[in-house]
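Here is a short note to read alongside the structure. Take the points in any order you like.

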Amino acid sequence: MDLLQILVNGLSVGAVYGLFALGYTLVFSVLGVINFAHGAVFTVGAYFTYLLIGGAVGANGLLAGLALPFALPIWGALPLAGLGAALVALLVERVAFRPLRRRRADPLLALITSLGAGVILVNLIQLLVGAESYAIPTGALGGLPASFPLLGARVRTVQALLLGIALLLVAMLTLWLEGSRNGKGLQAVAEDAETAQLLGIDSTAMVRLAFGLSGFLAGVAGGLVGLSVSIAGPYFGIGYGLKGLAVLVLGGLGSVPGAVLGGLIVGLAEAFVPADWSGWKDAVSYGFLFLVLLLRPRGLLGRPLPTKV
Amino acid sequence: MSANPNGTAPASAPLLQVEAISCRFGGLLALDRVSLELAEGEIFGLIGPNGAGKTTLFNVISGLTRPSGGRCLWRGRPTTGLGACGINRLGIARTFQNLRLFESLSVRENVLVGLHHAARAPMVGALVGSGPFRGHQGRLEAQALELLALLELDALAQQRAGDLPYGDRRRLEIARALATAPRLLLLDEPAAGMNPAEKDDLRRLIGRIRDHFALTVLIIEHHVPLMMRLCQRLAVLNFGERIALGSPAEVRRDPRVIEAYLGGQT
Amino acid sequence: MDAALLEQMLLGALLALSVYLPLRCGQLSLATPGFYAVGGYVAALLSTGVPAFAGTGATSPLPALLVEMALGGSLAGLIALAIGRPVLRLRGIYLAIATIALVEILRVLNLNLPFTGGAMGIFGIPQPFAHPEGYVLFTLVLLAVACWLCQRLEVLRLGRAMLAIRDDELAAASVGIDTPRTKLIAFVASAVLAGVTGALAAHFLNAWNARVGSFDASITTLAFVVFGGSRFWLGPVLGGLALTALPELLRPVGDLRLILFGGVILLGPLFFPQGLVTAERLRWLGALLGRGRGRRKPLAP
């Protein structure tokens with residue numbers, strides 16, 4: 001495989017990692033904890049996309065044979081799936097995070113409660129649509145060709161879409177964070193929740209906003225992965241969830257550009273692993289993660305870690 | 001040890017020398033080449049307005065903060081790179097301005113943790129709870145109770161440290177620091193939040209423990225009258241700089257101190 | 001009760017203690033399943049590949065099991081010792097993520113090393129005990145020893161130092177506790193316990209593969225401790241026993257069982273944020289027992 005092809009593959013996978021890690025980072029920056037249900041929300045987004053695009057549920061599960069009475073094109077299905085995933089993420093916040101916050105419990109307990117929410121979601125999916133894998137029909141791309149040539153490399157249209165949509169979302173998110181009232185409020189809460197509260201910013205609303213956005217990004221990322229590879233079953237988000245952690249730390253916890261940069265780096269690094277060694281591919285990102293934690297725990301673009309005396 | 005009327009360090013080798021310590025956080029110079037010498041047995045006060053760098057100096061001396069320049073010498077030897085644990089084992093113990101007790105442990109256990117250095121026991125005996133080990137434990141318990149009695153906390157020994165009222169917490173921090181058998185005790189605002197009667201009690205208590213353990217004491221406190229009565233010598237910090245050093249009477253007369261620190265009030 | 005389920009519960013309790021040890025000094029390490037996997041591979045490789053350990057191939061000698069447990073525990077402990085210092089400089093969620101990465105790296109190694117049997121893993125591991133009851137007795141002894149050692153922590157200076165670090169690491173250092181060393185001891189002890197447990201579990205399960213040390217297992221073992229309470233050893237033991245049994249006890253509800261399991265994990269911390277076994281409840285229990293038997297010594301401070 002030549003270099004350009006590797007770059008294209010790496011960047012498109014990296015873009016998804018970045019989108020995924022952005023969701024982690026938004027929640028982390030306001031609450032200081034990791035949402036372990038994030039991988040499950042990603043999975044939900046993938047299944048929503050499949051259904052909205054006109055796919056039918058297989059023979060297993062309670063919803064066997066179900067299909068929506070309409071089939072949307074991809075640019076309709078993805079945002080809707082993202083919204084659906086955002087609602088699910090809000091539900092996760094409601095049941096797994098808010099009660100802990102209200103009781104001022106140890107925030108680390110959210111690791112457990114959010115994982116519990118994730119376990120419920122994943123098994124609910126399995127109960128409803130079965131454990132088999134689903135491929136999103138290629139017709140979903142409308143009239144677009146499956147692939148096109150670029151400077152001698154063969155680029156799958158899906159890969160280009162992945163990259164394009166990811167970059168678009170990141171750009172929009174950045175503009176919104178910097179330019180809008182709510183975006184600035186979110187940043188203020190991330191900086192210092194108590195001060196933000198004193199300044200009249202409703203931190204609960206901001207937390208909800210962060211979860212909604214993070215769910216939307218995860219849902220879109222899930223749909224894109226489902227489109228480009230396939231939905232390998234209800235558990236397929238877990239691997240991405242862990243990979244997202246590596247990306248998150250590499251870029252710097254709480255840093256938006258860091259999450260994107262980390263995603264691209266991990267995606268590219270994995271793309272350079274030769275096919276014969278593909279079994280070791282997963283070790284690349286975790287090896288990176290380990291090194292970064294030991295050498296520069298704040299990550300590439302993160303703020304220095306606070307040390308309290 | 002008698003008070004030093006002229007405010008200069010005594011001729012014998014100093015216990016602690018602070019040599020041109022600087023500390024920079026980002027763009028802020030929290031300490032600017034501050035130097036001090038503590039003689040064995042004295043009670044030395046550190047005063048200055050908020051943000052003058054007093055607690056930062058404590059953090060440097062006790063090894064919690066690495067200075068950007070300068071060094072500390074303990075009995076003539078540099079303490080650079082020892083870390084908080086190593087410095088405590090030299091014989092320097094401290095309390096914290098914002099109280100850092102082991103809140104989930106009992107009052108008695110807080111002091112026992114302070115006795116960590118003395119609690120070393122043979123591994124096997126400790127694991128099986130042998131007779132000699134239990135004897136050793138008994139002596140530690142007695143030592144802890146003795147310290148608590150000295151600080152009038154013995155009645156509260158079984159209470160959770162996190163449940164204590166404010167004044168008791170302050171004294172428990174002193175007891176815990178004393179348990180580490182220090183030669184130098186650093187007290188960071190021990191009288192904060194106390195009423196005048198309590199402050200008076202505290203002043204007597206500090207004198208008492210200084211005599212009882214033959215300690216040297218370095219103390220930060222905002223309440224200037226208390227410091228004037230308690231300390232043999234005082235240093236004044238302002239914006240990270242040592243602007244005065246001497247006996248209470250000298251410091252009181254120093255025009256820079258009056259301008260920088262007392263200026264607004266007189 | 002079914003002896004095989006009982007054995008699984010006991011193994012769960014041992015793993016819970018392995019998570020508890022670092023948590024006793026405030027270190028959230030999720031590395032336990034990684035060390036568990038390592039210990040199991042040591043036992044699996046030795047007892048299927050080395051004649052002296054393999055016995056007849058179907059049954060293996062009990063001394064061989066003991067040696068495997070020692071070797072499995074040692075290897076896990078050595079790994080922990082090698083990486084412990086730098087890793088334990090990380091705090092809170094950073095440490096948790098680093099240990100997740102460690103578990104994943106070990107998993108990839110176990111999947112891809114030339115001698116670990118790939119995705120299929122190693123099977124046909126010989127049995128030192130003819131019946132599950134034999135395992136249960138043996139594991140009970142192991143668990144009792146582990147619990148007793150943890151109980152000793154309540155009176156040892158090491159155990160107190162751990163709690164002090166958990167409450168306030170800086171203050172602990174400033175009263176002369178070597179905090180990096182104390183944390184390292186807890187981390188290595190945790191790894192050894194997980195490795196020993198893995199060696200035993202590999203025989204009991206008869207087969208061993210990379211899936212035993214996965215991220216899911218990290219969180220499940222953490223859930224044991226969060227459930228039981230992380231202050232006193234009894235908490236993790238009860239949490240490990242109960243949460244291992246729960247999915248099996250929920251079997252009658254069929255497909256809903258994992259959903260219910262998730263629900264329990266979700267709701268447990270909301271209703272018992274300190275876990276089931278807390279200092280207050282223990283004191284109450286101690287007072288009750290003390291009155292009954294005229295004994296003043298409390299179970300826990």
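Among contacts in chain B between residues at least 6 apart in sequence, what percentage join residues at least 24 apart? The figure is 70%, where two residues are in contact if their C-beta atoms, placed from the backbone, lie within 7 Å.

1. **Ground rules.** This is a predicted model, so local features need pLDDT of at least 70 and side-chain atom pairs count only at pLDDT 80 or more, while totals for chains, interfaces and linings use all residues. Residues are numbered from 1 along each chain as its sequence is written, and chains are lettered from A, with ligands numbered from 1, in the order in which they are written.

2. **Confidence in chain B.** The mean pLDDT (the predictor's confidence in each residue, from 0 to 100) of chain B is 87, and 93% of the residues score at least 70. Helix α4(B), residues 123–128, has the lowest confidence in the chain with a mean of 74, whereas β6(B) has the highest at 96. Please read residues 1–10 of chain B with care: their pLDDT is below 50, though this stretch has 18 contacts in the model beyond near neighbours in sequence.

3. **Overall form of chain B.** There are 10 helices and 10 strands in chain B; these are DSSP runs, numbered from the N terminus, with helices being H or I of at least four residues and strands E of at least two. For 266 residues, a compact globule would have a radius of gyration near 18 Å, and the 19 Å of chain B agrees with this. That radius is taken over C-alpha atoms, and the globule rule is 2.2 Å times the number of residues to the power 0.38. Of the 266 residues, 44% are buried, meaning that 20 or more other C-beta atoms lie within 10 Å of the residue's own.

4. **The sheet in chain B.** Four strands make an open sheet in the order β2-β1-β4-β5 (chain B), with antiparallel pairing; strands pair if DSSP finds at least two bridges between them. β2 (28–38) and β5 (77–78) of chain B are the edge strands, each pairing on one side only. Seven bridges join β1(B), residues 16–25, to β2(B), and Leu16(B) is opposite Leu38(B) in this pairing.

5. **Helix α2 of chain B.** In this helix, residues 83–90, the buried residues are Ala84(B), Cys85(B), Ile87(B) and Asn88(B). They lie on the same side of α2(B) because they cover an arc of only 170° around the axis, the arc being that of the directions from the helix axis to the C-beta atoms. Their packing partners are β6 (92–94) of chain B together with α8 (169–174) and α9 (179–205) of chain C. Just after the helix, Gly91(B) has a positive phi of about 125°.

6. **Where chain B meets chain C.** Here 27 residues of chain B contact 20 residues of chain C. On the chain B side, α2(B) gives the largest share, five residues. That side holds 11 nonpolar, 10 polar and six charged residues. In this grouping Ala, Val, Leu, Ile, Met, Phe, Trp, Tyr, Cys and Pro count as nonpolar, Asp, Glu, Lys and Arg as charged, and the others, Gly among them, as polar.

7. **Where chain C meets chain A.** Contacts link 31 residues of chain C with 39 residues of chain A. The largest share of the chain C side, 11 residues, comes from α5(C). By class, that side has 26 nonpolar, three polar and two charged residues.

Technical notes
A residue is buried if 20 or more other C-beta atoms lie within 10 Å of its own, exposed if 12 or fewer, and partly exposed in between; C-beta atoms are placed from the backbone.
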